[in-house]
Amino acid sequence: MTQSKKVQFHDNVHNKDIIIELNSKRKGTYWSYDSVPFAYGPFKNENQAMQDAKLFSTYGTTCKTLLKVGSRG
């Protein structure tokens, strides 16, 4: 059974509101942008999926190596 929930949060870097959709499935929780058919996941819980979505929305990646390189500057 799939449960779907829409979540809105504010991205302070780009100063805009982001709406994502969380889908709980058998393998875990997935998130996707409202207008994009691709889903990211699975995650263990909704909180982990939301944190990933915030990170991706802010920096365009969730790759820890790239995020560390960007913070050295």
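Which strands do the buried residues of α1 pack against? In this predicted model, the legends below take up that question and then turn to the ends of the helix and to the strand pairs.

**View 1. The buried residues of helix α1 and the strands they contact.** The buried residues of α1, namely Ala49, Asp52, Ala53 and Ser57, cover an arc of only 130° around the axis, which puts them on the same side of α1. These residues pack against β1 (3–11), β2 (16–25), β3 (28–33) and β4 (40–43).

**View 2. Helix α1 from end to end.** Helix α1 comprises 14 residues (residues 46–59), which at 1.5 Å a residue should span 20 Å, and the distance of 20 Å between its end C-alpha atoms agrees with that expectation. At the start of α1, the backbone nitrogen of Asn47 lies within 3.2 Å of a side-chain oxygen of Asn45, while just after the helix Gly60 adopts a positive phi of about 80°.

**View 3. The hairpin of β1 and β2.** Strands β1 and β2 run antiparallel and are joined by nine bridges, and among the residues involved Val7 has Ile20 in β2 as its bridge partner. Four residues lie between the strands of this hairpin, in which Asn15 takes a positive phi near 50°.

**View 4. The hairpin of β2 and β3.** The pairing of β2 with β3 is also antiparallel and extends over six bridges, with Glu21 standing opposite Ser32 in β3. Two residues lie between β2 and β3 in this hairpin.

Key: Residues are numbered from 1 along each chain as its sequence is written. This is a predicted model: local features need pLDDT of at least 70, side-chain atom pairs count only at pLDDT 80 or more; totals for chains, interfaces and linings use all residues. Side-chain values use heavy atoms; hydrogens and water are left out. The expected span of a helix is 1.5 Å times one less than its number of residues. Buried means under 20% relative accessible area, exposed over 50%, partly exposed in between (1.4 Å probe, protein chains only). The arc is that of the directions from the helix axis to the C-beta atoms. Contact means heavy atoms within 4.5 Å. A polar contact is a pair of N or O atoms within 3.5 Å; within protein, one must be able to donate a hydrogen and the other to accept it, and residues adjacent in sequence count only if both atoms are side-chain atoms. Two strands pair if DSSP finds at least two bridges between them.
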